[in-house]
Amino acid sequence: MTSARPLAALLLATAFWTPAAAQVAIPFDMGVERDALPPAMVTPPPAVTAPATTTPAQPVGGELRGVPAPDTTVAALPSATFDRPIVPFQDFRLSGEVDGRSWSTYLTAAQANAQATLHLAFTNALLVAPEASSLRLLINDRLVIEAPIANSDDPADFIVDLPPGLLHAGANRIRIEASQRHRTDCTIQSTYELWTEIDTAGTYIAFADPASNAITQLADLRSIGVDATGHAVVNILLPALEQAAATRDLFRVAEAVAIHMDAPSQVVRVSATDGGGHGPGILSVVIGTVDELRPVLGAAVVDSVNGPTIAFLQGLDGPTLLVSGRSWADIGLAVDGLVAPLTPPAGSTRVAISSQSWHFPEVQMMDGGASLTLAQLGVPTTEFTGRRFRTGFVVAMPYDLYAQAYGYASLFLDAAYSAEVLPGGHIDVYVNGEIAATTPIVTRGGGILRQLEVGVPLRHFKPGANSIEIEAVLPTAGDEVCVPGATASNISRFALFDTTSIVMPDYARAAQLPDLSALTGAAYPFGDQPLALVLGRLAPETMSAAATFLAQLAVMGGRPIDVNPAASPSSSATPFGLFVGAASQLPTGVADVAGIADTAIDRWVDPVAPDPGIPLQVNVQADNNITFDRWRDALAGGGGWRGQISSFSDWLSRTFDISLATLRFGGAQRLDYAPPDGAGLLLAQGAPSAGQTAWTVLTAPTRETLQRTTELMVRPDNWRRIEGQVATYWPATGAVEFVPLAGADIVFTEPASPANLRMVATNWLSKNLLVYGGLLLGLCILLGIATAWLLKSVGRQS
């Protein structure tokens with residue numbers, strides 16, 4: 001996007017917004033369609049005629065069954081197409097004997113009406129039996145591809161023409177599921193060897209009309225989708241990048257665009273001279289006054305701007321959003337009109353989080369007393385013929401969930417297992433990847449479980465989205481023999497009914513500060529109050545990292561964050577501050593508040609980041625466990641009082657599920673954390689004073705590393721691992737490590753009530769056992785004194 005581009009092909013679709021026109025209310029449920037938003041154009045695109053009827057093509061490498069073929073055929077698609085990746089994940093692996101994921105892909109009306117071809121590429125483990133295993137792809141609940149899983153040598157590329165009427169404007173549900181069986185082994189352990197890897201770059205919809213990529217209204221920003229790595233990329237060209245007055249509007253635009261795009265993760269890249277490239281999953285944004293943009297876009301385009309302007313530029317290589325005006329005051333009004341419809345009304349309650357781009361159905365918020373069935377959560381009744389059944393769903397918890405040490409959710413199971421299943425099998429419940437409950441199968445002859453209650457500890461839940469999985473391990477006597485063909489048996493062993501429900505009890509409602517899990521899960525405490533933003537330097541790398549981080553928080557919180565640039569957090573009237581910059585640029589006092597050792601900043605070594613094109617595939621939990629075990633062994637083996645304390649801590653955890661963190665008096669504890677060598681990014685939060693206040697720090701050894709590692713950290717698999725008071729990202733391994741909360745201040749978020757105060761006290765005392773023990777001891781002493789006094793007063797005198 002330079003002045004050298006031909007400008008004759010540019011069409012400027014301009015919408016002038018005034019503050020009055022910007023007052024368009026939308027529900028706070030950010031998952032609803034946003035068609036009520038003001039249109040950002042006045043010139044509609046050319047009409048698109050529905051294509052001729054097509055016939056599904058046969059897949060490359062095997063027989064393909066899918067949508068029934070019409071009677072007529074058409075010529076091959078032209079070579080010029082627009083390819084739209086449809087997998088919103090960087091890595092997509094279906095593992096075990098049965099697995100699947102559902103999400104929605106948004107299309108414009110032009111894309112839905114265009115002639116389209118679906119490409120599906122995958123590879124699989126050698127041990128998957130092709131004659132008994134299949135991969136299915138469904139669009140809008142219609143089977144499009146069903147193919148044998150037989151591509152362990154080379155990736156398969158299945159191609160099918162999509163018939164008219166299958167796609168529609170708006171959200172289109174996509175589901176990819178696999179049923180896999182082992183070639184030779186019948187053991188439970190062998191099911192962990194089964195996997196099918198979806199090639200995210202090779203799985204896409206190719207539209208015959210390249211012009212279908214055009215965006216003409218804000219509601220269609222979701223149709224930009226993601227690139228081949230699962231990211232949505234926003235390239236912002238800001239000629240006035242070094243002007244402090246432009247920073248607030250820059251970040252507000254980044255947040256609003258991210259909410260409109262509604263991708264699983266967003267990367268924002270800011271430049272004063274380079275508008276970035278174009279391609280799938282990429283949106284270009286140009287921000288500046290008429291005078292600033294005239295050298296970039298040319299007078300023929302920008303001179304028609306007469307006031308606050310939000311417009312889409314047509315005729316460029318990809319979707320381009322223009323935010324402009326005659327002055328920065330005009331730009332501020334335009335941004336107000338962009339942000340206002342996305343701001344929920346005061347006092348509104350969030351009932352769901354926007355998740356359709358990575359999970360379908362939309363993730364529901366579970367307040368105290370809420371109940372949802374599997375049918376409502378998108379899990380149908382399923383009969384299973386294999387050895388290890390696994391399915392899952394996602395629910396959301398509010399930012400002020402305060403139940404880390406007490407309470408149970410209830411999973412009421414409706415299930416059945418056959419007579420062949422032996423005692424020793426079990427049904428397990430996992431929450432966020434950790435086993436939370438297990439129910440053993442102890443009887444022979446089969447059984448039907450009707451509303452069997454399984455308690456799931458609330459300590460496994462955290463603010464934001466929570467993944468819950470139900471797994472059934474089903475051994476039989478036949479598995480021990482494993483005769484030929486036994487792995488492909490079609491006799492059902494287990495059934496899970498969609499009347500199974502999860503019921504959330506009433507739980508304490510109180511937020512904690514600091515708490516990174518509430519920040520990354522629900523953008524707390526950034527929300528209703530302005531945020532003081534302190535940048536280490538007005539440099540492209542720093543501003544890109546800050547914009548990426550704020551855009552991710554805006555999506556997590558379901559609302560734009562009101563950002564106010566400041567020289568330091570203490571210089572702002574707002575109680576919440578965010579610093580983004582290189583570690584050497586931390587303002588005085590910020591590191592201490594966030595729990596970062598000042599002396600360690602200068603010694604922080606910049607790690608060597610891997611190639612951005614190489615996916616990071618690591619077992620983070622295993623990596624953490626190895627590191628932890630090495631340190632524990634070193635301390636325990638070294639003798640002395642540190643080794644004895646470490647051994648005692650392990651014994652308490654194994655025997656009583658008690659950590660030394662509970663054997664302390666409450667209140668926020670100051671850390672003195674030194675970033676270790678190899679850590680590329682540090683996110684920390686601390687409270688400068690008691691009460692509702694917090695300072696957050698996002699820093700790295702250099703500005704370049706800050707931008708690179710922030711882009712990696714916002715990937716969903718990494719983002720969900722952030723919790724505690726300090727978290728670090730390791731670019732060499734992709735690991736996320738965190739320091740648990742060393743105490744936190746409680747912030748009441750609801751009017752005081754006896755019931756909530758009782759539950760808050762219960763959770764707080766459960767986390768602070770010394771206080772709880774001291775209170776019990778004090779009560780016992782008082783009881784003894786009262787009893788002695790009573791006996792002395794009313795007893796018989798000798």
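Modeller: What follows is a short chat about disulfides and one threonine. This is a predicted model, where local features need pLDDT of at least 70, side-chain atom pairs count only at pLDDT 80 or more, and totals for chains, interfaces and linings use all residues. Residues are numbered from 1 along each chain as its sequence is written, and side-chain values use heavy atoms, with hydrogens and water left out.

Biologist: How many disulfides does a search of the whole structure find?

Modeller: One. A disulfide here is a pair of cysteine sulfur atoms within 2.5 Å. Cys 186 pairs with Cys 482, sulfurs 2.0 Å apart.

Biologist: Where do the two cysteines sit in the chain?

Modeller: In distant parts, 296 residues apart. Cys 186 is in the loop between β9 (170-179) and β10 (195-198). Cys 482 is in the loop between α6 (477-481) and β27 (494-496). Helices (H or I, at least four residues) and strands (E, at least two) are DSSP runs, numbered from the N terminus.

Biologist: Why is the disulfide called right-handed?

Modeller: Because the torsion about the S-S bond of Cys 186 and Cys 482 is about 70 degrees.

Biologist: Is Cys 186 buried or exposed?

Modeller: Buried, at 1% relative accessible area. Cys 482 is partly exposed, at 21%. Buried means under 20%, exposed over 50%, partly exposed in between (1.4 Å probe, protein chains only).

Biologist: And Cys 780, buried or exposed?

Modeller: Exposed, with 52% relative accessibility.

Biologist: New topic. Which helix holds Thr 710?

Modeller: Helix α13, residues 703-713. Thr 710 is buried, at 0% relative accessibility.

Biologist: What does Thr 710 touch?

Modeller: Leaving out residues up to four places away in sequence, Thr 710 touches Ala 545, Thr 548, Phe 549, Leu 681 and Leu 698. Contact means heavy atoms within 4.5 Å.
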